[in-house]
Amino acid sequence: MRAQNADQFLILATAGVKGRIKQLKQDGDPLAENYDSAYENDEALFGSNESHLLQKYADFLPDDASVLDLGVGQGRNVLSLARRGCQVTGIDTSQVAVDTVNRLASEENLPLEAHLQDFRDYEPDRAYDVALCFGLMQMLDLQGCASLVDRLHHWIRPGGALFLTAWHLEDPSFDTLCGQWERRSGRSFRSPDGKMNRLFLEKGEILKLFFRWEVVHHWEGQGKPHKHGTGKLESHGEVEAVLIRPKK
Ligand SMILES: C[S@@+](CC[C@H](N)C(=O)[O-])C[C@H]1O[C@@H](n2cnc3c(N)ncnc32)[C@H](O)[C@@H]1O
């Protein structure tokens with residue numbers, strides 16, 4: 001069906017995104033890992049504090065920056081940026097996440113919009129000053145990771161900043177997954193029900209993926225113990241990076 005006018009186009013486009021996400025869930029795509037019920041049951045599943053990286057490297061986030069948050073979740077990393085005046089776009093495959101972020105933004109009239117959007121289908125009409133990618137990379141397979149890296153190279157303007165976290169091979173869950181999940185390559189796994197992926201980066205791999213970028217911050221180690229909702233205490237082999245896209 002072709003759109004006859006702009007309103008109809010918007011309706012068809014929205015239906016298309018929802019259809020794709022529904023299809024991904026049925027196909028057992030990793031992107032379907034369903035955060036909706038987890039977010040419904042806990043209004044701060046990943047805590048309510050923003051990442052310490054955003055505070056430590058605030059100089060790379062001027063008050064008027066345009067910011068893209070990939071996998072915005074419940075908005076913990078972007079609400080304070082929007083309060084400072086940053087123009088924020090968040091995308092996420094969870095409808096609950098998107099609704100929550102949009103509700104919180106409209107309560108305070110913040111320049112923050114969240115969209116129900118799989119990053120692989122996202123087609124921004126500009127390059128952003130800053131992109132945030134907290135906690136998304138470990139949920140992808142190798143192909144998804146390559147696709148994410150490729151997109152980040154285009155979605156951030158030359159001289160703009162990327163804040164990213166991922167998991168590395170010394171994550172405690174690696175050994176557990178070796179016995180229980182399908183190993184798809186040395187460091188990529190798919191859950192038995194086919195609904196989730198886990199990807200563990202090799203030591204220093206993140207710098208190879210962004211090899212021409214200026215490294216402002218790079219840390220790999222064991223993260224602090226924490227809980228998500230009523231879940232058990234966990235800690236991850238974490239990769240942190242703050243990188244600047246080369247100007248040329
Ligand atoms: C681990 S959570 C992190 C949420 C948030 N960045 C934070 O740090 O609190 C990962 C988020 O990525 C979203 N997500 C997963 N696959 C995605 C995809 N393909 N495109 C966009 N968002 C995705 C999930 O719905 C979830 O909200």
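**Exercise 1.** Is Asn49 buried or exposed?

Solution. Start with the rule: a residue is buried if 20 or more other C-beta atoms lie within 10 Å of its own, exposed if 12 or fewer, and partly exposed in between, with C-beta atoms placed from the backbone. Asn49 has 12 C-beta neighbours inside 10 Å, so Asn49 counts as exposed. Next, locate the residue: Asn49 sits in the loop between helix 2 (36-41) and helix 3 (52-56). Helices (H or I, at least four residues) and strands (E, at least two) are DSSP runs, numbered from the N terminus. Last, look across the fold: Asn49 and Ser80 are 31 residues apart in sequence, and their C-alpha atoms are 9.5 Å apart in space.

Two notes apply to every exercise. Residues are numbered from 1 along each chain as its sequence is written. The model is predicted: local features need pLDDT of at least 70, side-chain atom pairs count only at pLDDT 80 or more, and totals for chains, interfaces and linings use all residues.

**Exercise 2.** Find the mean pLDDT of the chain, and examine residues 1-14 and 23-33.

Solution. pLDDT is the predictor's confidence in each residue, from 0 to 100. The chain has a mean pLDDT of 88, and 87% of its residues reach 70 or more. Over residues 1-14 the pLDDT stays under 50, and the model has four contacts there beyond four places in sequence. Residues 23-33 also have a pLDDT below 50, but this stretch has 21 contacts in the model beyond near neighbours in sequence. Two residues are in contact if their C-beta atoms, placed from the backbone, lie within 7 Å.

**Exercise 3.** Describe the chain as a whole, then the place of Asn109.

Solution. The chain contains eight helices and ten strands. It has 248 residues, of which 36% are buried. Of the contacts between residues at least 6 apart in sequence, 69% join residues at least 24 apart. Asn109 lies in the loop between helix 5 (95-107) and strand 3 (112-116). Its phi is positive, about 55°, although Asn109 is not a glycine. Asn109 has 8 other C-beta atoms within 10 Å and is therefore exposed.

**Exercise 4.** Which strands does strand 1 join?

Solution. Strand 1 covers residues 66-70, and four of its five residues are buried. Two strands pair if DSSP finds at least two bridges between them. Five bridges link strand 1 to strand 2 (residues 87-92), and the two run parallel. Within this pairing, Ser66 has Gln87 as its bridge partner. Three bridges link strand 1 to strand 4 (residues 128-134), again in parallel. Here Val67 stands opposite Val130.

**Exercise 5.** What is the make-up of the shell around the ligand by class?

Solution. A residue is near a molecule if its C-beta atom, placed from the backbone, lies within 6 Å of it. There are 19 residues around the ligand, and Phe46, Gly71, Gly73, Phe134 and Gly135 come nearest. The shell has ten nonpolar, six polar and three charged residues. In this scheme Ala, Val, Leu, Ile, Met, Phe, Trp, Tyr, Cys and Pro count as nonpolar, Asp, Glu, Lys and Arg as charged, and the others, Gly among them, as polar.
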